[in-house]
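Subject: Handover of a protein structure

Dear colleague,

Please find below the sequence and structure that I am handing over to you.

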Amino acid sequence: SISGKEVVVLKDVVNTGVIETYLMNQLRTDDPASIRFAAIVDRPHERRSSILVDYVLFNSTDRDHLVGYGMEHAGLYGHLPHIAAVSPDPTAEIGQ
C-alpha cells in the first residue's frame with residue numbers, strides 16, 4: 001500500500017500529460033502523502049493537461065527532435081544508447 005507514503009513516478013518522456021494525469025488520479029485513491037513526477041525528457045510544449053513534472057533531466061522544446069533509448073525520429077535512431085538531438089531532416093547528417 002502507498003497510503004501515507006511519498007510517491008515518485010519515474011517516466012522516460014512526458015508529452016501531453018494525459019497518462020500522468022490519469023495515473024495521478026488512480027494513485028490518489030490509495031491516499032499517498034504526496035505524488036511527484038520525474039522524467040528523463042519533459043516536453044511541456046506538447047502538454048494538454050496541467051500536470052507538473054517535479055524532476056526533469058532534459059527539457060525539450062518544440063524545435064528539438066530527441067532520439068535514442070527507444071525515441072525515434074522518422075523511424076530512425078531509436079537504437080542509440082544515448083539521447084541526442086537530430087536535424088528535422090532525417091536524411092541530413094547530424095550536426096549540420
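The protein has one helix and five strands, and from the N terminus on these elements follow the order β-α-β-β-β-β. Helices (H or I, at least four residues) and strands (E, at least two) are DSSP runs, numbered from the N terminus.

This is a predicted model, in which local features need pLDDT of at least 70 and side-chain atom pairs count only at pLDDT 80 or more, while totals for chains, interfaces and linings use all residues. Residues are numbered from 1 along each chain as its sequence is written, and side-chain values use heavy atoms, with hydrogens and water left out.

Of the 96 residues of the protein, 34% count as buried. Buried means under 20% relative accessible area, exposed means over 50%, and partly exposed lies in between (1.4 Å probe, protein chains only).

Strand 1 (6-14) and strand 2 (residues 34-42) run parallel and are joined by eight bridges; two strands pair if DSSP finds at least two bridges between them. Within this pair, V9 stands opposite F37 of strand 2. Strand 2 is mostly covered, with seven of its nine residues buried. I40 also lies in strand 2, yet I40 counts as partly exposed because its relative accessibility is 33%.

V9 and F37 both belong to the largest nonpolar core, whose seven residues also include V7, M24, L27, I35 and I51. A nonpolar core is a set of buried Ala, Val, Leu, Ile, Met, Phe, Trp, Tyr and Cys residues joined through side-chain atoms within 4.5 Å. Strand 1, helix 1 (18-28) and strand 2 each supply at least two residues of this core. Apart from it lies another core, of five residues, among them V67, Y77, L80 and V86.

Which residues does M24 touch, not counting residues up to four places away in sequence? M24 touches I35, F37 and I51, where contact means heavy atoms within 4.5 Å.

Leaving aside neighbours within four places in sequence, E20 is in contact with K11, V13, V14, F37 and I51.

Finally, among contacts between residues at least 6 apart in sequence, 41% join residues at least 24 apart.

Yours sincerely,
A colleague
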